[in-house]
Amino acid sequence: GRGMVAKIRTHDGLPQSFHIEQCPGCRGRGQVLRPLPSHHRCPLCEGAGFTTEQENLAVAVYPGIEDGACIELKGAAGRPSYVVHPGDVNLSVRMPSDSGPPGPVFRREGPHLYTAVALPLSAALCGGTVEAVVLTSKGPRRAPLQLPAEVGVIGPSTNEPVLCLPHWGVPQLGAPDQPRGHLFFFTEVVFPKTLSVGVRQRIAEAFQEEPHEAR
C-alpha cells in the first residue's frame, strides 16, 4: 500500500545491491484501481478521469522579442492520465522575412526597422516635410518626416535607405528604459502625371533648358 517496492540483486546467492523504486503495478499510488463496469462509469470521461477539449490560449508577446524565441505556457498542455500533471505548451516565434527594399510593411533587422515612404517630386528636389508611417505601442500611425537639407536631391528610386528616424525602431526586450533601434526609410519618388504649360516653363527656366512640346 505504499506504492514503492524494494529490490535486492544477488550474485551467487549473495546480495549485491539494494534499492527502492516505484511499484510498476500501482504506479506509486499504493492501490490498484480496477476498471468499473460500463454502467458505473462517468458519462463525461468514460472512466478515464479527464476529458479532452479545445481552448484558445492568450499569449503575452513582449516588445523586442526576437525571431526564434520560445514562449512557454506552464501547465497549458493536455495530460495522458489523471494521475499525471499537465504538460507545458512551447511556442516558437517566427517573423516574416524579406530581402531588398520593403513595400508598405516593415522589415526588422535586429533592433532596426526598414520601410518605404513615397515622396512627391517637389520634396525629392527641394526637401520639405512628408507623411510617413511609424510603429507605436498602439500600432501604426502617420507622423511628419522632415527631409534634411544635407540629403540633397533624391533620385527616383534607391536601393539603400536614405532617411532615418532615430530611436523609432524596436525596443530592447526586458529593457523598456533603454534606447530603441532606428527606423530607416527607402524612398519612392512619385512623378506627376501631367504638368501645365506654366509649370513646365518654370521648370525649364530653373534648369536653363528649353521646354519640350507635350506629346
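Reader: Which residue in strand 10 is the bridge partner of Leu-163?

Author: That partner is Phe-185. Please keep in mind as we talk that this is a predicted model.

Reader: What makes strand 9 and strand 10 a pair?

Author: Two strands count as paired if there are at least two bridges between them. Strand 9 and strand 10 (residues 183-190) are joined by three bridges, so they meet the cut-off of at least two. The two strands run antiparallel. In general, strands of a sheet pair through backbone hydrogen bonds, either parallel or antiparallel.

Reader: Strand 5 holds Arg-108. How do you know that Arg-108 forms a salt bridge with Glu-66?

Author: Here we need a side-chain nitrogen of Lys or Arg within 4 Å of a carboxyl oxygen of Asp or Glu. For Arg-108 and Glu-66, the closest N and O atoms are 3.4 Å apart, so the pair qualifies under the 4 Å limit. This pair links distant parts of the chain: Arg-108 sits in strand 5 (residues 107-109), and Glu-66 in the loop between strand 2 (14-22) and strand 3 (70-73), 42 residues apart.

Reader: Why are Arg-108 and Glu-66 called partly exposed?

Author: Partly exposed is the class between buried, under 20%, and exposed, over 50%. Arg-108 has a relative accessible area of 25%, and Glu-66 has 44%. Both values fall between the two limits, so both residues are partly exposed.

Reader: What makes Glu-72, Lys-74 and Asp-88 one network?

Author: Salt bridges that share partners join them. Glu-72 bridges to Lys-74, with the closest N and O atoms 3.8 Å apart. Lys-74 also meets Asp-88 in a salt bridge, again listed at 3.8 Å, N to O. Lys-74 and Asp-88 both lie in the loop between strand 3 and strand 4 (89-92), so their pairing ties together parts that are 14 residues apart in sequence.

Reader: Is Lys-74 buried or exposed, and how do you know?

Author: Lys-74 has 65% relative accessibility, which is over the 50% limit, so it counts as exposed.

Reader: What does the protein chain look like as a whole?

Author: Its secondary structure comes to two helices and ten strands, running β-β-β-β-β-β-α-β-β-β-β-α from the N terminus on. Of the 215 residues, 20% are buried. The accessible surface is about 16,400 Å², with 54% of it belonging to carbon and sulfur atoms.

Key:
Residues numbered from 1 in each chain as written. Predicted model: local features only at pLDDT ≥ 70, side-chain atom pairs only at ≥ 80, totals over all residues. Heavy atoms only, no water. Helix = DSSP H or I, 4+ residues; strand = E, 2+ residues; numbered from the N terminus. Buried < 20%, exposed > 50% of the residue type's maximum accessible area, 1.4 Å probe, protein only. Areas by Shrake-Rupley, 256 points an atom, 1.4 Å probe, with all protein chains shown as cover.
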